[in-house]
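Open the structure in your viewer and keep the selection tool at hand. The stops below say what to select next and what is there.

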Amino acid sequence: MEGLPTTTKSERRWRSKPLQTSKPSILMAFFSCVAWLYVAGRLWQDAENRTVLTNILKKNLGQRPKVLSVEDKLAVLGCKDLERRIVEAEMDLTLAKSQGYLKNHLQQKVSSSGQLLAVIGVYTGFGSHLNRNMFRGSWMPKGDALRKLEERGVVIRFVIGRSPNQGDSLDRNIDKESRSTKDFLILEGHEEAQEELTKKVKFFFSTAVQNWDAEFYVKVDDNINLDLEGLIGLLEHRRAQDGAYIGCMKSGDVISEEGKAWYEPDWWKFGDQKSYFRHAGSSLIILSKNLAQYININSASLKTYAHDDVSVGSWMMGIQATYIDDNRLCCGSIRQDKVCSLT
């Protein structure tokens with residue numbers, strides 16, 4: 001018994017201690033391996049994804065042009081609508097050139113009988129039958145005399161729109177009178193009503209320039225007597241004058257109080273002084289062919305004000321119109337050589 005080695009309790013505890021501390025180490029090693037496998041798997045997956053994406057990009061790069069076309073750039077910038085509007089503007093410009101509006105591009109569609117001197121439109125209404133007969137019996141030719149005047153290059157027509165209730169007795173009466181006298185210009189797209197009166201001038205110039213090829217287009221109020229030969233002489237003197245805006249030029253106060261005569265709903269647009277710009281008075285307005293064509297081409301976007309003479313004046317301000325102030329067209333003046341007078 002004495003020859004056997006003996007161990008104490010403390011020695012046994014010391015020897016067993018390393019065996020107890022090795023368990024956490026094994027666990028840490030296990031989790032480290034799992035983490036390493038996870039990271040390696042993700043890296044391998046990312047590398048595979050990059051390879052797939054690289055192949056796709058190489059494939060697309062081979063299919064797409066190296067330089068973007070204008071079409072692609074417009075698509076990227078969202079300019080399709082702008083491109084469409086540019087094309088429409090170019091078409092309008094081409095139309096304006098072909099119809100003779102633009103300066104230095106005037107073309108005259110001369111018929112076999114030559115270009116007319118003037119188309120004169122006399123405003124009238126449904127209740128103005130007696131007034132029309134009075135004109136036909138005084139300054140305005142009728143029947144064969146009206147045809148002979150046209151051979152001289154002057155067309156005169158009473159200008160009227162359609163009834164708010166189209167096809168009613170008002171329209172039928174005008175159609176019947178027109179068939180008999182053949183001296184009407186009926187504005188099919190215009191409603192003959194007091195609240196639509198300021199738009200009538202736009203319809204007149206647009207329709208007249210479409211129907212007749214003339215040097216001048218003349219709007220006359222229905223309360224005006226004309227010296228027809230005096231007016232023809234005035235227009236003959238102005239022949240071949242491009243961009244002519246002719247009339248009795250005036251300006252005046254803008255009425256901003258609702259309910260008063262001549263009230264202007266857009267009074268605030270005319271500045272603090274509340275004064276209209278210079279424009280030809282409503283009684284008699286004369287436009288050369290290219291200005292009438294301008295109204296026809298742009299009629300959809302032209303703003304109308306409370307009065308037709310102010311409306312025409314506003315349209316003329318934005319273009320190269322030549323203002324001609326002729327006192328002979330001031331129907332209320334006392335000049336002996338005036339070509340119009342108030343009835």
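Start with helix α4: its buried residues pack against β1 (116-123), β2 (154-162), α6 (169-181), β3 (184-191) and β5 (224-226). Here helices (H or I, at least four residues) and strands (E, at least two) are DSSP runs, numbered from the N terminus. Buried means under 20% relative accessible area, exposed over 50%, and partly exposed in between (1.4 Å probe, protein chains only). Select residues 129-136 to show α4, where R132, F135 and R136 are buried. Seen down the axis of α4, the buried residues fall within an arc of 100°, so they line one face of the helix. The arc is that of the directions from the helix axis to the C-beta atoms.

Two notes on the model come before the next stop. This is a predicted model, in which local features need pLDDT of at least 70 and side-chain atom pairs count only at pLDDT 80 or more, while totals for chains, interfaces and linings use all residues. Residues are numbered from 1 along each chain as its sequence is written, and side-chain values use heavy atoms, with hydrogens and water left out.

Now zoom out to the whole protein. It has 10 helices and nine strands, and buried residues make up 38% of its 343 residues. Among contacts (heavy atoms within 4.5 Å) between residues at least 6 apart in sequence, 74% join residues at least 24 apart.

Which residues have the most contacts inside the largest nonpolar core? Select I120, I156, L226, L235 and I286; the core they belong to has 35 residues. Helix α8 (residues 228-237) gives the most to this core, with five residues. A nonpolar core is a set of buried Ala, Val, Leu, Ile, Met, Phe, Trp, Tyr and Cys residues joined through side-chain atoms within 4.5 Å. Centre the view on L235: leaving aside residues up to four places away in sequence, L235 touches L117, A118, F216, V218 and I286. A second, separate core of 30 residues includes V201, W212, V312 and W315.

Next, select helix α9 (residues 289-298). Eight of the 10 residues of α9 are buried, so this helix is largely enclosed by the rest of the structure. They are K289, N290, L291, A292, Q293, Y294, I295 and N296.

Move on to the loops. K182 lies between α6 and β3; its phi is near 55°, a positive value in a residue other than glycine. A240 sits in the loop between α8 and β6 (244-250), and its phi is also positive, about 65°, although A240 is not a glycine. A240 is exposed, with a relative accessible area of 70%.

Then find I255 in the loop between β6 and β7 (279-288). Is I255 buried or partly exposed? Its relative accessible area is 23%, which makes I255 partly exposed. Residues up to four places away in sequence aside, I255 touches K260, A261, W262, Y263, E264 and W267. I255 and S275 are 20 residues apart in sequence and 8.8 Å apart in space, C-alpha to C-alpha.

End at helix α1 (residues 9-63), where L27 is found. L27, F30, F31 and V34 form a nonpolar patch on the surface, with about 420 Å² of accessible area together. Patches are made of residues with over 30% relative accessible area and no salt bridge, with like charges joined within 9 Å and nonpolar side chains (Val, Leu, Ile, Met, Phe, Trp, Tyr) within 5 Å. A salt bridge is a side-chain nitrogen of Lys or Arg within 4 Å of a carboxyl oxygen of Asp or Glu.

Notes:
Accessible areas come from the Shrake-Rupley method with a 1.4 Å probe; for residues, only the protein chains shown count as cover.
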